[in-house]
Amino acid sequence: YNFLKGKGFTDIEIEKAGLAKKSEKGFYDRFRNRIMFPIGDSSGRIIAFSGRIFKDDGKSAKYLNSPDTPIFNKSAVLYGLDKAKDLIRKNNFSILVEGQMDLILSHQVMYRNTIATSGTALSDSEVSRDNVISNLGLVRRLSNNLVLAFDGDKAGISATSRAGKIALSLGMDVKVAQLPDGMDPADLISKEGTLAWKEAIKNSKHIIEFLLDKILKNFGNDSRKIGREVQEKVLPYVDALGKSTEKAHFLR
């Protein structure tokens, strides 16, 4: 706040940029005591931030993200897309992870076609009401093929399901990388090594097969429960497929 005031910016401009917040005592820095991850637009211009707390005080959120501003629309940006776009086009697929560290470690082991949802939000349409192309809409224009590599825990599975359904509805070919329970991509790369990450990406399954495998594993020989789970949790994904030939394949 003090730095920007010294540069001649007004309180209104600083607040509108999402860098400071107003309280009864005056303005304070939104991202105080945090390690900063700059979020760039597709051209690499910094338009927002995601900040991770250095020391957990039990009161503050672990991550804090920029709010929507005149230059930042959460559903029109993905973290790291400016760095990954050329490799997505070259390799003809993208890897979508959740966290900034997942992306950074993946890029460090040469999987530079990786992008992340951190600090952003997936839109369920390709173009917004304001005629702005959504983040997955931008990715789809680079490559139709997407590998989801979210955490291996319950929350990660839930996030995979949501993201996968959105991507399928946009006509993308969606696969899921199976990660060990309780591990995220950063854990896998740092603890198991590059080869483990390579195998996870290589062995990724179509999201419908992935969901079906989970149900068959969880409900064993109980055909009634399997049928109910398939109806509730798999058929909506089959319905989201654009091509009738693909629908027929998965229905069989």
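Over the ring of which residue does the charged end of Lys 165 sit? The ring is that of Tyr 237, whose centre lies 5.8 Å from the charged end of Lys 165, where a charge sits over a ring if NZ of Lys or CZ of Arg is within 6 Å of the ring centre and within 35 degrees of the ring normal.

This is a predicted model, in which local features need pLDDT of at least 70 and side-chain atom pairs count only at pLDDT 80 or more, while totals for chains, interfaces and linings use all residues. Residues are numbered from 1 along each chain as its sequence is written, and side-chain values use heavy atoms, with hydrogens and water left out.

**Nonpolar cores**

A nonpolar core is a set of buried Ala, Val, Leu, Ile, Met, Phe, Trp, Tyr and Cys residues joined through side-chain atoms within 4.5 Å; buried means under 20% relative accessible area, exposed over 50%, and partly exposed in between, with a 1.4 Å probe and protein chains only. The largest core holds 34 residues, of which Ile 115, Leu 148, Met 172, Ile 207 and Ile 208 touch the most other members. Among the elements that give two or more residues to this core are helix H6 (154–169), strand S9 (173–176) and helix H9 (207–219), helices (H or I, at least four residues) and strands (E, at least two) being DSSP runs numbered from the N terminus. A second, separate core of 25 residues includes Phe 72, Ala 116, Ala 149 and Ala 177.

**Aromatic pairs**

Rings of Phe, Tyr and Trp (its six-membered ring) pair if their centres lie within 6.5 Å, with planes under 30 degrees apart counted as stacked, over 60 as edge-to-face and the rest as tilted.

| Pair | Centre to centre | Angle between planes |
|---|---|---|
| Phe 31 and Phe 49 | 6.2 Å | 65 degrees |
| Phe 37 and Tyr 79 | 6.5 Å | 90 degrees |

Phe 31 lies in the loop between strand S2 (26–29) and strand S3 (34–40), 18 residues apart from Phe 49 in strand S4; Phe 31 counts as buried at 10% relative accessibility, whereas Phe 49 is partly exposed at 23%. Phe 37 is buried, with a relative accessible area of 6%, and Tyr 79 likewise counts as buried at 9%.
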